Amino acid sequence: MRAAVPPVRIGIIGAGLMGRELAVAIGRWVALVDHPVRPVVTGVADPEPAARGWFDRLGTVRISTDDWRRLADDPEIDLLYLAVPHDMHEQIYVGAAEAGKDFLGEKPFGIDHAAAERIAEAVRRSGVFVRVSSELPFFPGALAAWNLARSGQLGEILEVRSGLSHSSDLNRAKPINWKRRAATCGRIGVMGDLGMHVAHLPLRLGWEPASVYAMLDDVVTERPGPDGVPVRCDTWDNALLALRVAEPTRRDGRTFPMLWETKRIAPGQSNTWWFEALGMDGGVRFSTRTPTTVERFHVVDGEQVWETLQPGHRSVWPTVTGAIFEFGFLDTILQMWATFLADRAGALGDRFGTATIEEALAAHRVFDAALRSHETASAVSPR
Ligand SMILES: NC(=O)c1ccc[n+]([C@@H]2O[C@H](COP(=O)([O-])OP(=O)(O)OC[C@H]3O[C@@H](n4cnc5c(N)ncnc54)[C@H](O)[C@@H]3O)[C@@H](O)[C@H]2O)c1
């Protein structure tokens, strides 16, 4: 018989949409085969009683509080999930690090680049284990694309596109909330909301942009406030970033173009994430719109061939789910947490891991450069 694995007791700070998603993922933990960690949601902190109350159904929450510091300071909490509005990131992430608590921090990891640097510095000082949330690359098709791109089979890189588009803000009558205000979402707007998802795979492949040209669009400038009266909606809805990246095989300084697209107003899109990379010898493309397939380009006997592969249900950590069954958003959250907790336990091996602080900082440098590019209508260097 296997020895019982002691539980890792998780405190969730921010009991909204993403706090609930984590609770649901942990409820499915038994799907993972031979995972070294057994998480349990032990604490929840949120100023909204109704948001906290939802977690009563778990039957495992022992500490329910309106004060996040209670969870950060509690010795019976082993690690934290920080899923709060962007204007709260710095205070709570730094506070968690100073309290000596490991954590998974939601993106964008600080409301802006300066805040992200201060959080990173607090983490360095304290030595806690920290990763950044980005789950969409855990789709089997996305991982297949990543594996192909890093294998060298694409040859010299010609062009890369990565994006996340949804239509959540298409309805002008949708009331204002914290995600639609610069003061709470950040001046980077949609890039703070969706940008880390788009940056994660390219940055993991070493494709860090050397120059940024941005086209930012504020389409809906007013939304109904709590009393129905229109209030200013001062956040970028859509962002198109044209980037240049040093081509890794060339010694003459050639750069290749890369596009990062983040849109909250993309008619017809529900939550579409995609990644495409084209090289002289091969190519690959994956989109969550067609989640069961990934396309690969290569030349066979002089013929140019795009072929369709079906990667099945195989992500990073094996599960009891049949290999032919469909994979979805909730599976990505389960897989991201499986890698985060395995990594923390020193058991990840060479598997694809959760986004790092360095990747979050690199993404923030690009978003910061995008604001400067938009202001000056010119290409600028991230710094
Ligand atoms: N990874 C993803 O796919 C994904 C998707 C959506 C949002 N997010 C990120 O998750 C974070 C939270 O977003 P959300 O959609 O869950 O927002 P949300 O508005 O649904 O939930 C945020 C919760 O934080 C609570 N909160 C506010 N101040 C707090 C404080 N001082 N202490 C404790 N709780 C506090 C709010 O009451 C609310 O319940 C953001 O960083 C966002 O960018 C990630």
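Predicted model: local features only at pLDDT ≥ 70, side-chain atom pairs only at ≥ 80, totals over all residues.
Around the ligand, the model places a shell of 22 residues, of which G14, G16, L17, M18 and E106 come nearest. By class, this shell comprises 12 nonpolar residues, together with six that are charged and four that are polar. Among the elements that contribute to the shell, helix 1, spanning residues 17-27, and helix 4, spanning residues 86-98, each supply at least two residues.

Strand 12, formed by residues 255-263, pairs in the parallel sense with strand 7, formed by residues 157-166, and six bridges connect the two. Within this pairing, V160 has M258 of strand 12 as its bridge partner. Strand 12 also pairs with strand 11, residues 238-246, here in the antiparallel sense and over nine bridges; in strand 12, the residue that stands opposite A242 is L259.

Helix 4, which contributes to the shell around the ligand, also packs against helix 5, residues 113-126, with the axes 8 Å apart and at an angle of about 5 degrees. Because angles under 35 degrees count as roughly parallel, helix 4 and helix 5 are therefore roughly parallel to each other. On the side of helix 4, the contact is made by H89, E90, Y93, V94, A97 and E98, which meet A115, R118, I119, A122, V123 and S126 of helix 5. The contact between these helices consists of seven nonpolar residues, three charged residues and two polar residues.

Definitions and conventions:
Residues numbered from 1 in each chain as written. Near = placed C-beta within 6 Å. Helix = DSSP H or I, 4+ residues; strand = E, 2+ residues; numbered from the N terminus. Nonpolar A, V, L, I, M, F, W, Y, C, P; charged D, E, K, R; others polar. Pairing = 2+ DSSP bridges. Axes fitted to C-alpha atoms, helices over the stretch in contact; angles between N-to-C directions. Parallel < 35°, antiparallel > 145°, perpendicular 65-115°, else oblique. Contact = placed C-beta atoms within 7 Å.
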